[in-house]
Amino acid sequence: MTQRILVVDDERLIRWSLRERLTAEGYDVLEAADGAGAKRIIDEEEFDAALLDLRLPDADGADLVERVHDVMPHVPVIVITAYSSIDSAVRVMKAGAIDYIAKPFDMDDLASVVRRAIEAAEQQGRAGRGERPLQPFGLEEVIGETEAMVDLRSQVRQVAMSEADTALLQGESGAGKRFIAHAIHFESGRTDRPFLQLQCTGMPESLLESTLFGIENTPAMSMAGPKEGLLELASGGTILLNDVADLPLSIQEKLLAVLETGAFMRMSGTEAIPLDVRVLAATCRRLEPLVEEGLFRRELFYRLTVVRIEIPPLRQRAGDIPLLARHFLQRYGRTPARKLTGFSSDALGRLDQYDWPGNVRELRDVIRNVALVAQQPVITAEHIELGRAVLRDLPRAAEYTVQLPTSGCDLADIEKALVRQALIRADWNQSRAARLLGVSRDQVRYKMAKFGIKQA
């Protein structure tokens, strides 16, 4: 029987995006745009997981979490929220939600969270109604049988159960740093407390500081009260600082003070607030050269590297490639319409010959692309090459840049340009253009008709 996911969000585009991706994953999707619609579905329908937005026009997401658990206690609930409402997310997680996805979210991360949540609930069994679902991010999900991965799992277990309040996760892009951070948290004694993440790249310094430390209310501000930062909200749990090498020096100094004193102050605040949190810092860059150049504080470097976990690139654990490929094929290659069963020997050979510069993430994406196009149960070397070709042809931001007029721009013109460029890149093959854009072929055809796009 096809599993069903309840999606509740008042933003139509987000519901559409979630429906498209979850349907592609083989799920049926139930949708609600408000609290009233969500309550009707919760009371009248059955589903296997719920994705709930916290801010709805007529309901509080916390109430919906409680309603799901009252009606179907075994169903895992995943919160969708923005940083501005993480305080509410923490509250509902304490009430039973297993995780939250911050907007804007990565569809691959979300799909993984949903899949693992359902698998964990199934393992617990329907007889366990009323019990909290098992956490779906433990060591059993760290896949690999090579010596490097056996050692990595051992390190994760030791760090998780230790008293260490910091650890540095170092590895190439796509190697799995965020995944290992999740495993450390959910294997630790902090598993019932929040796991929060902060992306240290691409955010203005003042916003980055307020997001991390919070803001104290002052007479000059119109805030209703103090705004808690991620450090405070993660108290008792874990916070992951992604791309920690990009933290501004001023924030590095404040973070060092937090780690040294076990307390922090909100922006504009004067009172030190005690804090118990494990800080995991992730980076794909070596920090030592940055320390020598004065771009990363030496004291913070020493503080973060009391425990250092090196996550090996996929090329250094090539023996795990077949295992990972089969894992991803099982995830993406089974739908109600068909079932992909395995790989031919030449396909496995082709996978082994490639050095995978994008690591596990690239392998995952190739197998997902293969699952979209394969028409026979056994994957061949030709399928692998096609999956890699699709990945190579994915549009880059520079290729899809539209020159904006100084007086403003028309979003329809931008959309038309993107669709046309994708079609040109795909040699006017509508199915391939749809994959490049991440939409369905019918949507490409609709856009072509809407904008009058024709092959020259």
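**Exercise 1.** Is Cys284 buried, partly exposed or exposed?

*Solution.* We begin with the source: this is a predicted model, in which local features need pLDDT of at least 70, side-chain atom pairs count only at pLDDT 80 or more, and totals for chains, interfaces and linings use all residues. Residues are numbered from 1 along each chain as its sequence is written, and side-chain values use heavy atoms, with hydrogens and water left out. Next we take the cut-offs, by which buried means under 20% relative accessible area, exposed means over 50%, and partly exposed lies in between (1.4 Å probe, protein chains only). Cys284 has a relative accessible area of 42%, and is therefore partly exposed.

**Exercise 2.** Classify Cys200 and Asp365 by their accessibility, and then locate Asp365.

*Solution.* Cys200 has a relative accessible area of 3%, so Cys200 is buried. Asp365 has a relative accessibility of 13% and therefore also counts as buried. Asp365 lies in helix 15, residues 359–373, where a helix is a DSSP run (H or I, at least four residues) numbered from the N terminus. Asp108 is 257 residues away from Asp365 along the chain, and their C-alpha atoms are separated by 9.3 Å.

**Exercise 3.** State how many disulfides are counted.

*Solution.* A disulfide is a covalent bond between the sulfur atoms of two cysteines. The rule asks for a pair of cysteine sulfur atoms within 2.5 Å, and by this rule the count is zero.

**Exercise 4.** Find which residues of helix 8 meet helix 10.

*Solution.* With contact meaning heavy atoms within 4.5 Å, Glu205, Leu208, Glu209, Leu212 and Phe213 of helix 8 meet Ser250, Ile251, Lys254, Leu255 and Val258 of helix 10.

Methods:
Helix = DSSP H or I, 4+ residues; strand = E, 2+ residues; numbered from the N terminus.
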